[in-house]
Amino acid sequence: MKPYKIPESVLVVIHTADLQVLLIERADKPGYWQSVTGSLDAPDEPLLATATRELCEETGIVADGERIVLRDWRLANVYEIYPVWRHRYAPGVTQNTEHVFSVEVPRDIAITLSPREHLNHVWLPHLDAADKCFSASNAEAILQLPHQLR
């Protein structure tokens, strides 16, 4: 049996200098668009390590800490796990804590999706990207992007 997911995750908003935001479409829920997300692999996995791993796994983007630098917003959202995904967590777990990161990348960066996780990707102006997200916390993070970058 697969181990239960840890109810602590990262959200990584990928954007360009002019606030174009990359969204990816979930393979398990076509039509559901989001930023990079992923749970910790172990309770003691550092958040930056989780964000770095998930960014690479889901988009092929490598945060090298020099040209591509993840920015920890030091912001955590607690939300109800969608019922459709609760079976992945231990019985009785209904909430997840999501830590927000962002990363600025060049617009022409190569995107390599993991086909088992995502179907498509799209670059959109940040307001349009926020409207397209199915997750309220993801949309809110995208809307906060201009303020976070000041």
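How many bridges join strand S5 and S6, and in which sense do the two strands pair? Strand S5 (residues 70–80) and S6 pair in the antiparallel sense, over eight bridges. The legends below take up this pairing and its surroundings.

This is a predicted model, in which local features need pLDDT of at least 70 and side-chain atom pairs count only at pLDDT 80 or more, while totals for chains, interfaces and linings use all residues. Residues are numbered from 1 along each chain as its sequence is written, and side-chain values use heavy atoms, with hydrogens and water left out.

**Figure 1. The protein chain has three helices and seven strands.** Helices (H or I, at least four residues) and strands (E, at least two) are DSSP runs, numbered from the N terminus. Along the sequence they follow the pattern β-β-β-β-α-β-β-β-α-α. The C-alpha trace spans about 45 × 30 × 30 Å along its principal axes. The radius of gyration, taken over C-alpha atoms, is 15 Å, which agrees with the value near 15 Å for a compact globule of 150 residues; the globule rule is 2.2 Å times the number of residues to the power 0.38.

**Figure 2. Strand S1 (residues 8–15) is largely enclosed by the rest of the structure, because seven of its eight residues are buried.** Buried means under 20% relative accessible area, exposed over 50%, and partly exposed in between (1.4 Å probe, protein chains only). In the protein chain, buried residues make up 43% of the 150 residues.

**Figure 3. S1 runs parallel to strand S6 (residues 95–104), and eight bridges join them.** Two strands pair if DSSP finds at least two bridges between them. Glu8 stands opposite Thr97 in S6, and the bridge partner of Val13 in S6 is Ser102.

**Figure 4. S1 also pairs with strand S4 (residues 36–39), in the antiparallel sense and over four bridges.** Here Val10 stands opposite Gly38 in S4.

**Figure 5. S6 is mostly covered, with seven of its 10 residues buried.** S5 is an antiparallel partner of S6, and Ala76 stands opposite His99 in S6. In a regular strand the side chains alternate between the two faces of the sheet.

**Figure 6. Contacts in the protein chain (heavy atoms within 4.5 Å) at a separation of 6 or more come to 68% from residues 24 or more positions apart.**
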